[in-house]
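Student: I would like to go through this model term by term. Can we set each value against its definition?

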Amino acid sequence: MNWLEYEEKAYSQGYNIVCGIDEAGRGPLAGPVYAAAVILPKGCIIDGLNDSKKLSEKKRDYLFDVIKETAVSYGVGVATQQEIDEINILQATFLAMRRAVDNLSVAPDIALIDGNRRPGLNIAEQDIVKGDAKSMSIAAASVIAKVSRDRYMLEMAEKYPQYQFEKHKGYGTKLHYEMIEKYGISPIHRKSFLKKIINNE
């Protein structure tokens, strides 16, 4: 497969600076949603890079450093659990994506976005379903977003040890639900994701 198909198409259409965008953490019950925007050098293939969900944690950590060293620029954007509760997870994801682009040191002229929705950037946008398995730029963004969020959740595990965030990163595992039942919800839980539990308390 050609990992640069979408990037090459963008260049052929006259765009010069292509960034890939992906998010991490739309599904969890706790913590923020993260997004990353990555601009790779033209023609860049990073060996071993793939959709972050298909990589081991060790491989993601290794590639995180490689991407940071290789990228022309990368930006990370976050939308908090309060923002998720206020504006819903989809809009919060778009907000994180816009913030990630704002945090780039180089302004892109087109964004390749994982998924089938566009966040509403003030540049050209192309949404690509399963883009993190088709585009090198999006795959790079998926790793930056995932590792950044996982590291944040490890910090939260130290702050709120009773929830064992280091084991589930805030996702709705059996263990996580058991800990919520035992200890109630923490300041970093998404209330809009836990309405049933909150209503029963």
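**Contacts, cores and a helix pair**

Tutor: Leucine 49 touches Trp3, Leu63, Ile67, Met136, Ala139, Ala140 and Val143, leaving out residues up to four places away in sequence. This is a predicted model, so local features need pLDDT of at least 70, side-chain atom pairs count only at pLDDT 80 or more, and totals for chains, interfaces and linings use all residues. Residues are numbered from 1 along each chain as its sequence is written, and side-chain values use heavy atoms, without hydrogens and water.

Student: What makes a touch here?

Tutor: Contact means heavy atoms within 4.5 Å.

Student: Which residues touch the most other members of the largest nonpolar core?

Tutor: Val38, Leu40, Ile46, Leu49, Ile67 and Val143 do, in a core of 22 residues. A nonpolar core is a set of buried Ala, Val, Leu, Ile, Met, Phe, Trp, Tyr and Cys residues joined through side-chain atoms within 4.5 Å. Strand E2 (33-39), H2 and H5 each give two or more residues to this core. The largest share, eight residues, comes from H5. Helices (H or I, at least four residues) and strands (E, at least two) are DSSP runs, numbered from the N terminus.

Student: Why are H2 and H5 called oblique to each other?

Tutor: Helix H2 (residues 57-70) and helix H5 (residues 136-159) pack at an angle of about 120°, with axes 9 Å apart. Angles under 35 degrees count as roughly parallel, over 145 as roughly antiparallel, 65 to 115 as roughly perpendicular and the rest as oblique. H2 and H5 are therefore oblique.

Student: Which residues make that contact?

Tutor: H2 brings Arg60, Asp61, Leu63, Phe64, Ile67 and Lys68. From H5 come Ala140, Val143, Ile144, Lys146, Val147, Ser148, Asp150 and Arg151.

Student: Why is asparagine 88 called partly exposed?

Tutor: Buried means under 20% relative accessible area, exposed over 50%, and partly exposed in between (1.4 Å probe, protein chains only). Asparagine 88 has 40% relative accessibility, so it counts as partly exposed. Asparagine 88 sits in the loop between helix H3 (81-87) and helix H4 (89-102).

Student: What is phi of asparagine 88 near?

Tutor: Phi of asparagine 88 is near 85°, a positive value in a residue other than glycine. Most residues other than glycine have a negative phi. Glutamine 164 is not a glycine either, and has a positive phi of about 55°. Glutamine 164 lies in the loop between H5 and helix H6 (165-168).

Definitions and conventions: Axes are lines fitted to C-alpha atoms, for helices over the stretch in contact, and angles run from 0 to 180 degrees between N-to-C directions.
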